[in-house]
Amino acid sequence: MNLAQAEARAASGKPIRLLIADDEQLIRGALEALLGLEPDIEIVAGADDGAMATELALGLLPDVCLLDLEMPRVDGIEAAEQIIAAAPGIRVIIVTRHARPGVLRRALAARISGFVPKSTPAGELADVIRDVAAGKRYIDPEIAAAALTAERCPLTERELDVLRVTRSSSSVQDIADVLFLSTGTVRNYLSAAMTKLGAANRRDAAEHAWQQGWI
């Protein structure tokens, strides 16, 4: 969409209502400032974590949510799942600095409409927002190519759960408490995951799963 088309949309009185969520305030502020200069985009809210983004999105019902992948409390994909489930008309774009291979598959399963790196220039990002608002889908080509050649996840959902919690918990008991499982069950899941991944310990297994974008 060129500038004339963007101005025409703005003049119609129906700008794209955009919510931006990123826990890095400098980046969020820069995005708000740059995208706010676009004549057909209106910034309706900003959030610094996924939980706040979800709450604001369901209250304000923006046309598009631009969500950072890695945020406190609730990450961008989890927030996208919650937003889309409650308000299917809202379109979600995920932005990320580290496009790990398996993350795109998670994002697509969450029915996101766009997936772009943080290095995307503001002008190009504005065009992606316009395309998504118009009902199209945009996936960065390099991220898509990496996802096609990525290792397939051999782990079960429960094995992924224990590895996900392992990244923020210091003991098997902590993992068991978070997941409401017995310590013996947690050890069995961890042992199975470590064996499948050829990992020396649970931390290495969790790091491998994270690097692949499985958790």
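The buried residues of helix α3 pack against β1 (16–21), β2 (41–47), β3 (64–68) and α4 (76–86). Here, buried means under 20% relative accessible area, exposed means over 50%, and partly exposed is in between (1.4 Å probe, protein chains only). Helices (H or I, at least four residues) and strands (E, at least two) are DSSP runs, numbered from the N terminus. This is a predicted model, in which local features need pLDDT of at least 70 and side-chain atom pairs count only at pLDDT 80 or more, while totals for chains, interfaces and linings use all residues. Residues are numbered from 1 along each chain as its sequence is written, and side-chain values use heavy atoms, with hydrogens and water left out.

Let us stay with α3, which spans residues 50–60 and has G50, A53, T54 and A57 as its buried residues. These four cover an arc of only 100 degrees around the axis, so they sit on the same side of α3; the arc is that of the directions from the helix axis to the C-beta atoms. E55 and G59, on the other side of α3, are exposed. At the start of this helix, a side-chain oxygen of D49 comes within 3.0 Å of the backbone nitrogen of A51. Just after α3, L61 has a positive phi of about 50 degrees.

Now look at a pair of helices. The axes of α2 (residues 25–35) and α6 (residues 122–133) come within 10 Å and cross at roughly 75 degrees. Therefore α2 is roughly perpendicular to α6, a label for angles of 65 to 115 degrees; under 35 counts as roughly parallel, over 145 as roughly antiparallel and the rest as oblique. Axes are lines fitted to C-alpha atoms, for helices over the stretch in contact, and angles run from 0 to 180 degrees between N-to-C directions. In α2, L31, L34 and L35 meet A122, L125, A126 and I129 of α6, where contact means heavy atoms within 4.5 Å.

A second pair is α9 (residues 172–179) and α10 (residues 183–197), which pack at an angle of about 105 degrees with their axes 9 Å apart. They are therefore roughly perpendicular to each other. V172, Q173, I175 and A176 in α9 meet T183, V186, R187 and L190 in α10.

Finally, find A206 in helix α11 (residues 202–211). A206 is buried, with a relative accessible area of 2%. Not counting residues up to four places away in sequence, A206 touches L163, T166, R167 and I215.

Notes:
Polar contact = N/O pair within 3.5 Å; in protein donor to acceptor, adjacent residues only side chain to side chain.
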